[in-house]
Amino acid sequence: MPTFAARLRQKIAEHSPLCVGIDPSAALLKSCNLPNTPEGAFEFSKRVLEAADFRISLLKPQSAFFERFGSAGLKAVEELTTLARSREVLVLLDGKRGDIDTTGAAYAEGYFSSTTTLRVDAVTTHVYLGLAALDPFLDIAVRAEGGVFVVVRSSNPEGRELQTARLANGETVAQNLCREITVRNRKQGEGLQYIGAVVGATCDDAAETVDALPQSFILAPGVGAQGATIQDVLKRMPSARGRVLPNVSRAILANGGGVSEIRTTIRSLQEQARELL
């Protein structure tokens, strides 16, 4: 199997760098005239894929909106990932996992092992326990040709104080993560590698953060409902052309929740996103 980075580069070239988020909250399902059930969440997800004709670079289901239904919700997200990957759509599961030692490895096996029923292409992670604690997770991901996106600078204002706090060596927490991520990516070779980063499109220090991650894909949340535009991504992350993935979730319903309306919105956003290549 080609590496995650190679697969994602190909999809970006084919379909634009737009990342389509799947966030089937109760309010969103209601706005689409769908029941607030696991079946409704799966039906919405399928509607988005069909509206896009399965021609998107990355699908990002938010695991929490499925997990809230318990085991039936997990079954729904399993069905979604199976459907998407059967049509060669890359799936980034937004679960923000992260733990130490064998627990971290167990999380990774749940997404990347040959026997899991929830096989995905990439996962989001947090590293409050330290990036080094995530190494068992990273090892399993790279062996499975999977990707990992580490939250470095999030788009929510509550994260700023922690992420910009300074360590004894003068680096901010975010700067330290950038350096350590880049060290690990360089060990894999030149060019873009499997450890990406989450950097909010609304962050005023996005440019310097992205500059310090030259071998990482950048997932840029904050576009749409949180106020940023794709043009803002271009202005704030000029060095990330070809590797920044603007994420839109609620914004895909801007023209309505039917298949034809979602199709119109996604196509428009993809055209805008191509300016980031």
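With 277 residues, a compact globule would have a radius of gyration near 19 Å, and the chain agrees with this at 18 Å. That radius is taken over C-alpha atoms, and the globule rule is 2.2 Å times the number of residues to the power 0.38. The model is predicted: local features need pLDDT of at least 70, side-chain atom pairs count only at pLDDT 80 or more, and totals for chains, interfaces and linings use all residues. Residues are numbered from 1 along each chain as its sequence is written, and side-chain values use heavy atoms, with hydrogens and water left out.

The C-alpha trace spans about 55 × 40 × 35 Å along its principal axes. Of the 277 residues, 55% are buried. Buried means under 20% relative accessible area, exposed over 50%, and partly exposed in between (1.4 Å probe, protein chains only).

Next, the fold. The chain holds twelve helices and eight strands. These are DSSP runs numbered from the N terminus: helices are H or I with at least four residues, strands E with at least two. Eight strands form an open sheet in the order β2-β1-β8-β7-β6-β5-β4-β3, with parallel pairing. Two strands pair if DSSP finds at least two bridges between them. At the edges lie β2 (58-61) and β3 (92-97), each pairing on one side only. Neighbouring strands are turned by 30 degrees against each other on average, direction ignored.

Look inside the sheet at β5 (residues 147-153) and β6 (residues 195-199). These two run parallel and are joined by five bridges. Val-150 has Ala-197 in β6 as its bridge partner. Helix α9 (residues 173-186) packs on the sheet and touches both β5 and β6; its direction makes about 160 degrees with that of β5. Axes are lines fitted to C-alpha atoms, for helices over the stretch in contact, and angles run from 0 to 180 degrees between N-to-C directions.

Contact means heavy atoms within 4.5 Å. Among contacts between residues at least 6 apart in sequence, 72% join residues at least 24 apart.

Cys-32 sits in the loop between α2 (26-31) and α3 (38-51). Its relative accessible area is 4%, so Cys-32 is buried. Beyond neighbours within four places in sequence, Cys-32 contacts Phe-44, Arg-47, Leu-253 and Gly-257. Gly-257 is 225 residues away along the chain, yet the C-alpha atoms of Cys-32 and Gly-257 are separated by 5.0 Å.
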